[in-house]
Amino acid sequence: MAENVKIENHGFIPKEEEHATPEELYSRLVDKIKHYHPSADDLRQIEKAYQVAKDCHGDQRRKSGEPYIIHPLHTALILADLELDKETIMAGLLHDVMEDTSVTRPQMVEMFGEEVTELVDGVTKLTQTDFKLDKVEKQAENLRKMFLAMAKDIRVILIKLADRLHNMRTMQYQTPEKQKEKSRETIDIYAPLADRLGISKIKIELDDLALRYLEPQAHQALVEGVHQRLEHREEFMGNLIAEVAGYIEKAGIKATIDGRVKHYFSIYKKMVSQHKTLDQIYDVFAIRIIVDSVMECYGALGIIHEKYTPVPGRFKDYIAMPKQNMYQSLHTTLIGPNGQPFEIQIRTYEMHRTAEYGIAAHWKYKENINGSDNEEQKISWLRQILEWQRDMTDNHEFLDLLKDDLNMFSGSVYCFTPEGDLKNLPAGSTPIDFAYSIHSAVGNKMVGARVNGKMVNIDYVIQNGDRIEIVTSNNSTGPSMDWLNIVKSSQAKTKINQWFKKQNKEDNLLKGRELISNYCKSKGIVLSDIMKPKYMDKVRKKYSYKDWDTLVASVGYGGLKEGQIVNRLVMAYENDHKEIVTDEDILENANHEGNRSDNMNKSGIIVEGMYDVSVRFSKCCSPVPGDEIVGFVTRGRGVSIHRTDCINIINMPESDKTRLIDASWAKEEGEDNGSYLAEIVIYAKNRIGIITDLSKIFTERKISVNSLNSRVSKADIATIELSFAIKGVEELNDLINKIRNIESIIDIERATGR
């Protein structure tokens, strides 16, 4: 083969060998930085960051048993693979110090300056909150914080991606539940974020690692199937690459040519979406041609189309119309010598670097640099997410819209304004999406649309190359609620919802006030006592509303429940009017009625040292006969009974543990103690009939179901929460074992506190 054509095989970001010592990893890190950094002679600050991180993490260990410092070192190595600046490398080494050790922000600023501290703080999760959040809300709050930090400095997300990538590489040491939880979060949030930023090196590996734990059997079958096909077709691919290289060389074009296997998640997604087997996916292998200039890209394309028959409709020009994440390349599918289709990608070396490293490829190694205006434009989607941050108070809604937006990015359609400006929208978008992508005022006043000069329905699905004109009218009454079922883009959904909230705010405000007032009357609460500015302000901040009226309007349209708000106000009022009562007083009063031990309460509970005391079962963990239990002496509400594995008991402050008291069941397990409320959470692959199957089991056992809540994730995983009456733990365990036998059940958990 001639000198101007090379055949290479590119892989992922190289993984460092496992179980290397911290000293070995740090030495590799220094070598990597010296290889690419123009001023790598002075690495004293990086050395300092390494030593501080190592000292702070001390004897901390990872699940693998390795010293914790191994993780920050691997994070820094991944950042060095992306050829990032010294400050980012330092932040990678220090990224867990403020979260997991006693080092404070002022100390971090004193040691490493404001820039590195801001990067570390941006990656640090929220650890201190003055209210309880469920798992989804915690995830949403941490993502909100991360996106705000990203707006100031895009390097924050690069550190977070490196952190997540190493955690996914070592996920084998986590429990199966944690593996699935982190893999789902990775495939919903972090892999799409890497895709948005154009960092295919990280996106590809995150996708494949997540697939390994979410669909282990499918992943293993895919790995084996691709490996077998590669063995059978290695000679064919080698000959084909050599043949293509010969044509390119003969034309006098200097190029690097390699063959590659598409990553597993990409193949799996295509198999699922197109209902095909691996044998029916013809573009598992692809050839990549890398040349010096754009002119040579099109020259190489002409040669390839002359020598092989192109497959109609399978040519994409991402050079003329780049993807939103800066990706540029020519893609074409051709018929090979034996009739076998194959794909070729053609790009320049600069395009290839951008495809691999995305936004990181454009980072400059200069002090005090921020992204250029050009880079700012390329992450304009981030500004849209920040708008959601300001306008959206519901964490669940924010998280759903974020996932929708990130996952819609992978499929897009190109269209044009009447002036010829290019618009990139999610696949399946309609003229309504197009209107709102121009401006909210255009969408709100839209009454019709023309596509390529012809009037179309508003639910018309935009095709690549369409020229779209929006017809507006000042007499328009605004968007319709039906539009929310038609639009595809998160941007359009958000703006339509904002319009309705604004239009109906006055009505909702009046309704909200009425609901709050009526709730107080029904509970005997004096409204004037709790409606004080300092209590209102505390509740407003808890729910992240700009002002009190907006919060009340949210109650009016059902975004918040009036009981939530009033109870929060009451809590704030009671905290301000607390009667100082010591723990000794509580225990003394509780023991006042006699001093008998092993006294049985009416509830069937024996509370050590107490007689005829009010006992209630805690709803957070729902204990049933047979569970190991403990009592907690409350202020004014008797004794609450918890399971000993309840999270609220395990995480109880030391100051409160003095109020724990021994408790036991009055009768032996299996005797008729009456019915007790139990709660379980079921995770299952969603399918028709799963609720019917569950209902059948409960009916057969004559178990009364108190409540059933079900929701389905974007990954089609159903979460079913059930509460029901049960006689004891033996009956409960028998029931759970029976449910596990239902088709598509993934896991079952008992409530352990919230």
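Here are some notes on the aromatic contacts in this predicted model.

1. Starting with the overall tally, a search of the whole structure turns up 9 aromatic pairs.

2. Y308 comes from the loop between α13 (294-307) and β4 (309-310), while F342 belongs to strand β7 (residues 341-348), so the contact ties together parts 34 residues apart in sequence.

3. Are these two residues buried or exposed? Y308 has 6% relative accessibility and therefore counts as buried. F342 is buried too, with a relative accessible area of 3%.

4. Next, F698 and F724. Their ring centres are 5.1 Å apart with the planes at 70 degrees, so this one is edge-to-face as well. F698 is part of helix α28 (residues 690-700) and F724 of strand β21 (residues 717-726), so here a helix and a strand are tied together by residues 26 apart in sequence. Both F698 and F724 are buried.

5. If you care about charges over rings, have a look at K48: its charged end sits over the ring of F112, 5.2 Å from the ring centre.

6. There is an arginine example too. R353 lies over the face of Y357, and the distance to the ring centre is 5.0 Å.

Notes
Residues numbered from 1 in each chain as written. Predicted model: local features only at pLDDT ≥ 70, side-chain atom pairs only at ≥ 80, totals over all residues. Heavy atoms only, no water. Phe/Tyr/Trp six-rings, centres within 6.5 Å; stacked < 30°, edge-to-face > 60°. Helix = DSSP H or I, 4+ residues; strand = E, 2+ residues; numbered from the N terminus. Buried < 20%, exposed > 50% of the residue type's maximum accessible area, 1.4 Å probe, protein only. Lys NZ or Arg CZ within 6 Å of the ring centre and 35° of its normal.
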